[in-house]
2 protein chains.
Amino acid sequence: MTRALRFDIEGQSGEARAGVLITRRGRIETPVFMPVGTAGTVKGIRFEELESKDLDAKIILGNTYHLWLRPGIDVIRAAGGLHRFIGWDRALLTDSGGFQVWSLGALRKISEEGTEFRSHVDGSLRFLSPEVSMEVQAALGSDIVMVFDECAPGQASHEETERSMNLTTRWAKRSKAAFKQLQLDRADTGYLEATDLSGTQALFGIIQGAGHLDLRRISLEETVDIGFDGYAIGGLSVGEEKSVMFDVIEDIAPRMPKDAPRYLVGVGTPEDLVEAVARGVDMFDCVLPTRNGRTGQAFTSCGKLNIKNAQWVNDSRPLDESCSCSVCRRHTRAYLRHLYMTGEMLASILLTHHNLAFFLDTMRGVRQSIRSGDFPKFRREFTERLGANGE
Amino acid sequence: MTRALRFDIEGQSGEARAGVLITRRGRIETPVFMPVGTAGTVKGIRFEELESKDLDAKIILGNTYHLWLRPGIDVIRAAGGLHRFIGWDRALLTDSGGFQVWSLGALRKISEEGTEFRSHVDGSLRFLSPEVSMEVQAALGSDIVMVFDECAPGQASHEETERSMNLTTRWAKRSKAAFKQLQLDRADTGYLEATDLSGTQALFGIIQGAGHLDLRRISLEETVDIGFDGYAIGGLSVGEEKSVMFDVIEDIAPRMPKDAPRYLVGVGTPEDLVEAVARGVDMFDCVLPTRNGRTGQAFTSCGKLNIKNAQWVNDSRPLDESCSCSVCRRHTRAYLRHLYMTGEMLASILLTHHNLAFFLDTMRGVRQSIRSGDFPKFRREFTERLGANGE
């Protein structure tokens, strides 16, 4: 049977891998960073900019929970799927909604069947399950679908984590079964004929287990047994110590299937990305470049820069003197500070653009250095420079 | 003596004129619409877009009042003027601050010397006068400077208007004297050598007189006697009936110097622009395309369109089927409505872009039709189509 996607490794440096993920919507070089487009828009940036040479994002993420509640699946199905609804021809990955519902805390109730919760939009009672999540993601027509999982808190006990992990495994099986049926029924609005590919959606499994390595290994084994197009490490960056996160990645990533993409969900800072690549991760998503851009924080090659600081009031330098993005080519810190202090929307627009450029450019540097064999040097120099601003 | 700008009329249709305004920062075809960049940014749009083929704005406006208060003149002077501070090489016009201070109402006190007011930013006591306004505008280095004037309310009595108009005339003389000295002192941060031009700032006078035609004619005569590079009609669209506005324009514009640009301050809707052109106006500025874009109102060739309306929920048409801007080429009403309803910044960004494209494109159509002799037909068809949406 033809697969929904292909993954070829083309370069390796220690555990770090440089490869190509071939989807029905084109080639994606890995390691790759995926900007987060929660409600069908990467906040504060136009699609033309995402496609521009500055950013050249090959894949973005959409949030099933948000899109399901608003505008709702009927609207997106009527538009012919999420790609057409938002006007984006490149690849889309959608999460399962599980993490968002989990984040609602007291507002949700988890059972074997699924999760009942109240919508944050209108307070209505909703029910999300593996079957519903797969149905919604088929209507969205994303190119990569995530299984519906349950996330244990960062400091969960062994017992609590084990129960949660076993539920995730049972939900993964149900997700796969529902997913297969939906593909057979041609419910996927994003179906696209593609050379050597099935043209259907791809499905990724998610490894849970919090900070308990024995449970992580069991979760990995059971998830791989079910069989998916790619594998994600979930449940990290949810309140645990950073050392716990890297311990899990270091232990688990190298044990994951070598011929499938490895996706670290919801992580992280530029240094997190480089360190996770060094441990064998291929795919990332995170709201940091967009969210922090809106609150006045720039990511630069010399570390974080808070544009609100009075020290920039007359500073004619760009945000990052090593950056060649359109914001750094044109605008000074003094101007960006002024925009932020006067509450102008352009502050968010420009900081978001630069931050995404920095994240995506960092990943370009990572890929090149792995291919050329210079990744250890890149990693060392990148980390050293990040400390320069002393923030 | 070489002039600061040149104005050549190249086509005429009744009172409507098509010409070229040659400034130290390039040629501007007229009639022209100037997007408003209050605090050094046209709200919600990047400079790259203003320069793009879609919009191609040749001149934008900055507000002296806002920039004087924030970031302040020291910051802008240190940056080398407003062009350099914001990163815009094309022409800039700055208003005098008079209208903004006047709009503060009870918070300001007008005397012969000038206007005392409290800053809306920090409540500090400030004083603006012809001399201060000219000094601030020299520090901004705008290419076209406006005299400091006083605006009478739309329904002001004859006596009140006369007193206000006479003050404006005295302030115009003081503005010109201060302006001349500042140019001699090279206080203008925007000085630029330009072929056949002085390279200094240009200064426009402002005709006041509310709805009283006899006072308008006196104001015109006295303002022309003082002598300026261009002439503006001020104090319209400030609460008077629309018929009063057009009566004033119809009476005054044809009596204004034929060889100088005529600028109608702060007006208006697309139909206002076309009707004012028909009465002999060459330059416009207005916040409508940007402000209304942020509140969900689109200007289209079929009239206004409120993107919030439920009728667009599944509408796959662009905002304006006759528009070729990047927003109309890519996005549907259904998507734009979704963005607006979820409070996404991209709604404002995209509606602002389209609205500016529509205003600037309308002016392109106006210019072409005057040159080709088809302006009466353009005007008739444009007005007829605007009624199509029935809003």
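The pLDDT is the predictor's confidence in each residue, on a scale from 0 to 100. In the predicted model described here, the mean pLDDT of chain A is 96, and 99% of the residues of chain A reach 70 or more. For the complex, the predictor gives an ipTM of 0.98 and a pTM of 0.98. Where pLDDT is low, the predicted coordinates should not be read in detail.

Helix packing in chain A was examined for helix 10 (residues 270–278) and helix 14 (residues 345–372), whose axes come within 10 Å and cross at roughly 25 degrees. Because angles under 35 degrees count as roughly parallel, helix 10 of chain A is roughly parallel to helix 14 of chain A. The crossing of these two helices of chain A is right-handed. On the side of helix 10 of chain A, the contact comprises Pro270(A), Leu273(A), Val274(A) and Val277(A). These residues meet Phe358(A), Phe359(A), Thr362(A), Met363(A), Val366(A) and Ile370(A) of helix 14 of chain A. Classified by residue type, the contact of helix 10 with helix 14 in chain A holds nine nonpolar residues, one polar residue and no charged residues.

Helix 14 of chain A also packs against helix 13 (residues 333–341) of chain A, the two axes coming within 7 Å and crossing at roughly 130 degrees. This angle makes helix 13 of chain A oblique to helix 14 of chain A. The crossing of helix 13 and helix 14 in chain A is left-handed. Helix 13 of chain A contributes Tyr335(A), Leu336(A), Leu339(A) and Tyr340(A) to the contact, and helix 14 of chain A contributes Leu346(A), Ala347(A) and Leu350(A). The residues of this contact divide into seven nonpolar, no polar and no charged.

In chain B, helix 10 (residues 270–278) and helix 14 (residues 345–372) pack at an angle of about 25 degrees, with their axes 10 Å apart. Helix 10 of chain B is therefore roughly parallel to helix 14 of chain B, and the crossing of the two is right-handed. Pro270(B), Leu273(B), Val274(B) and Val277(B) of helix 10 of chain B are in contact with Phe358(B), Phe359(B), Thr362(B), Met363(B), Val366(B) and Ile370(B) of helix 14 of chain B.

Chain B contains an open sheet of three strands in the order 1-2-3, paired in the antiparallel sense. Strand 1 (6–13) and strand 3 (26–30) of chain B stand at the edges with a single partner strand each, so one side of each has no neighbour in the sheet. Neighbouring strands of this sheet are turned against each other by 15 degrees on average, direction ignored. Strand 2 (residues 16–23) and strand 3 of chain B pair over five bridges in the antiparallel sense, and Thr23(B) stands opposite Gly26(B) in strand 3 of chain B. Helix 14 of chain B packs on the sheet and touches strand 1, strand 2 and strand 3 of chain B. The direction of helix 14 of chain B makes about 115 degrees with that of strand 2 of chain B.

In chain A, an open sheet of three strands has the order 7-8-9 with antiparallel pairing. Its edge strands are strand 7 (108–110) and strand 9 (125–128) of chain A, each of which pairs on one side only. On average, neighbouring strands of this sheet are turned by 15 degrees against each other, direction ignored. Strand 7 and strand 8 (residues 115–118) of chain A pair in the antiparallel sense over three bridges. The bridge partner of Ile110(A) in strand 8 of chain A is Thr115(A).

How values were computed: Residues are numbered from 1 along each chain as its sequence is written. Chains are lettered from A and ligands numbered from 1 in the order in which they are written. This is a predicted model: local features need pLDDT of at least 70, side-chain atom pairs count only at pLDDT 80 or more; totals for chains, interfaces and linings use all residues. Side-chain values use heavy atoms; hydrogens and water are left out. Axes are lines fitted to C-alpha atoms, for helices over the stretch in contact, and angles run from 0 to 180 degrees between N-to-C directions. Helices (H or I, at least four residues) and strands (E, at least two) are DSSP runs, numbered from the N terminus. Angles under 35 degrees count as roughly parallel, over 145 as roughly antiparallel, 65 to 115 as roughly perpendicular and the rest as oblique. A crossing is left-handed if the near helix is turned anticlockwise from the far one by less than a right angle, and right-handed if clockwise. Contact means heavy atoms within 4.5 Å. Two strands pair if DSSP finds at least two bridges between them. Ala, Val, Leu, Ile, Met, Phe, Trp, Tyr, Cys and Pro count as nonpolar, Asp, Glu, Lys and Arg as charged, and the others, Gly among them, as polar.
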